[in-house]
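Visitor: Hi! Could you walk me through this model while I have it open?

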Amino acid sequence: MMKRILMVFSFFSLLLTGCVEKEIIDDVNIEMGVGYDQKENNEIEGTIMVPIFNPDKKIGNFTFSATASSNRDLVQEIQRRSAQPIVTGSLEIALFGKEIAKEGIRDFIDAFERDPSIGARVYFAVADDKAKDILTGTYGNRGNAIHLSQLIKHNTKTRNLPITNMHLYLFELYQEGQDPYLPILKKEEPEVIDITGIALFKDDKMVSELPSDKMFFFKLLTDKYSEGSFKLEVDEDDVAVKDLDSKNKFKLKKREPYVVDVEIEIQGLIREYTGKIVTPEVIKKIEKEFEEQVNKEATAMIQDFQELGIDPVGFGQFIKTKTRGFDFKRWEDEYKNLTVNVKTDVIITEVGIVE
């Protein structure tokens with residue numbers, strides 16, 4: 001009986017193996033990064049980055065670039081420049097030059113949606129200037145694509161960047177009541193890429209950006225912290241609060257006009273303090289000052305979003321889930337009159353190293 005089962009299993013394994021399209025790695029160019037930049041005469045420059053596997057186990061980078069009037073033509077032009085077929089199954093990141101992002105990226109992301117070999121966890125980002133400049137650099141020894149994707153992942157997990165990937169961007173793009181956002185990458189030095197802010201979109205077009213010093217408050221509204229840090233000044237003493245743990249909760253307090261309370265809870269410990277000693281009174285001052293800064297910055301940020309007519313926080317989607325018969329046709333005007341009360345509760349759990 002066992003022998004018969006093994007024979008049947010082997011038979012089906014052979015059938016399944018025959019159904020899979022195989023590629024030999026030496027016979028293809030593996031596309032791991034792609035970028036799009038605006039050129040003159042409404043043409044687009046596309047850049048594809050492929051890895052080079054060196055004998056010393058370090059991964060180099062090679063790029064193909066071409067200019068065309070459409071994304072479809074770009075693919076054909078780049079394929080003509082490659083000695084081997086270009087395959088997309090290992091794509092890590094797609095970069096959009098700022099000019100392209102302002103014009104709209106829907107035509108480009110449509111190709112990603114339709115390609116079943118591309119995973120939903122691919123990162124999208126906006127290049128502060130040219131996507132090609134970023135892709136043609138040299139960062140680390142694991143290849144540019146891995147370096148850039150790990151840069152975004154690290155800043156999402158331990159710094160001030162809200163969680164982001166292709167799946168989340170598409171979800172926010174197509175659902176009503178929330179607008180998407182993407183990180184902005186900038187080449188600061190030949191071998192250094194920095195996340196300098198967050199690109200804010202209305203539908204698929206970039207309409208504004210948040211500078212890096214506002215990203216902390218934006219993440220408090222749109223995501224949660226399990227690590228991270230924040231520096232503030234209390235009575236002319238510098239304080240660094242680290243190992244942050246935060247969460248937010250929205251409450252619909254009133255309809256027509258809508259009033260929403262955003263409750264933010266933050267826990268952390270003091271790692272640095274330039275004063276003499278951290279007494280209970282000092283801790284209370286730090287907590288209060290921290291709360292006031294978050295309330296002030298988050299409130300001002302939301303008001304800026306309302307003036308721009310964008311909703312990256314997702315108030316519209318939240319209110320829809322709490323309101324029977326909610327009409328998005330009226331929401332654009334109602335959003336301008338929305339009142340948001342930000343209430344922050346900061347708890348310092350312990351005191352670590354102080355100066």
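Predicted model: local features only at pLDDT ≥ 70, side-chain atom pairs only at ≥ 80, totals over all residues.

Visitor: What is the strand order in the open sheet of eight strands?
Guide: The order is S4-S3-S2-S6-S7-S8-S9-S10, with mixed pairing. Strand S4 (59-68) and strand S10 (205-211) are at the edges with a single partner strand each, so one side of each has no neighbour in the sheet. From one strand to the next, the twist averages 30°. As for terms, helices (H or I, at least four residues) and strands (E, at least two) are DSSP runs numbered from the N terminus, and two strands pair if DSSP finds at least two bridges between them. Axes are lines fitted to C-alpha atoms, for helices over the stretch in contact, and angles run from 0 to 180 degrees between N-to-C directions.

Visitor: How many of the residues of S2 are buried?
Guide: Six of the six, so S2 is largely enclosed by the rest of the structure. Buried means under 20% relative accessible area, exposed means over 50%, and partly exposed is in between (1.4 Å probe, protein chains only).

Visitor: And which way do they point?
Guide: Gly-33, Gly-35 and Asp-37 point one way from S2, while Val-34, Tyr-36 and Gln-38 point the other way. In a regular strand the side chains alternate between the two faces of the sheet.

Visitor: Which strands does S2 pair with, and in what sense?
Guide: S2 runs antiparallel to S3, joined by six bridges, and S2 pairs with S6 in the parallel sense over four bridges. Tyr-36 is a handy landmark: its bridge partner in S3 is Gly-46, and it stands opposite Phe-96 in S6. S2 and S3 also form a hairpin with five residues between them, and Asn-41 in the turn has a positive phi of about 60°.

Visitor: What about S8 and S9?
Guide: Strand S8 (residues 181-189) and strand S9 (residues 192-202) run antiparallel, joined by eight bridges.

Visitor: Which helix lies across S2, S3 and S4?
Guide: Helix H2 (residues 71-81) does, running at about 125° to S4. Helix H4 (residues 106-114) also packs on the sheet, touching S2, S3, strand S6 (93-97) and strand S7 (123-127), and its direction makes about 170° with that of S6. Contact here means heavy atoms within 4.5 Å.

Visitor: Okay, switching to the sheet of four strands. What is its order?
Guide: This open sheet runs S11-S12-S13-S14, again with mixed pairing. S11 and strand S14 (339-351) are the edge strands, each with a single partner strand, so one side of each is left without a neighbour in the sheet. Neighbouring strands are turned by 40° against each other on average, direction ignored. S11 and S12 pair in the antiparallel sense over six bridges, and Lys-231 has Ala-240 in S12 as its bridge partner.

Visitor: How do H8 and H9 meet?
Guide: Their axes come within 9 Å and cross at roughly 80°. That makes H8 roughly perpendicular to H9, a label for angles of 65 to 115 degrees; under 35 is roughly parallel, over 145 roughly antiparallel and the rest oblique. The contact includes Phe-216 and Leu-220 of H8 and Phe-290 and Met-301 of H9.

Visitor: Which residues of H11 are buried?
Guide: In helix H11 (residues 328-336), they are Phe-328, Trp-331, Glu-334 and Tyr-335. Seen down the axis of H11, they fall within an arc of 100°, so they line one face of the helix; the arc is that of the directions from the helix axis to the C-beta atoms. On the other side, Lys-329, Glu-332, Asp-333 and Lys-336 are exposed.

Visitor: Last one: is Asn-155 buried or exposed?
Guide: Asn-155 is buried, with a relative accessible area of 16%, and is found in helix H6 (residues 144-158). By contrast, Glu-236 is exposed at 72% relative accessibility, in the loop between strand S11 (229-234) and strand S12 (237-254).

Key. Residues numbered from 1 in each chain as written. Heavy atoms only, no water.
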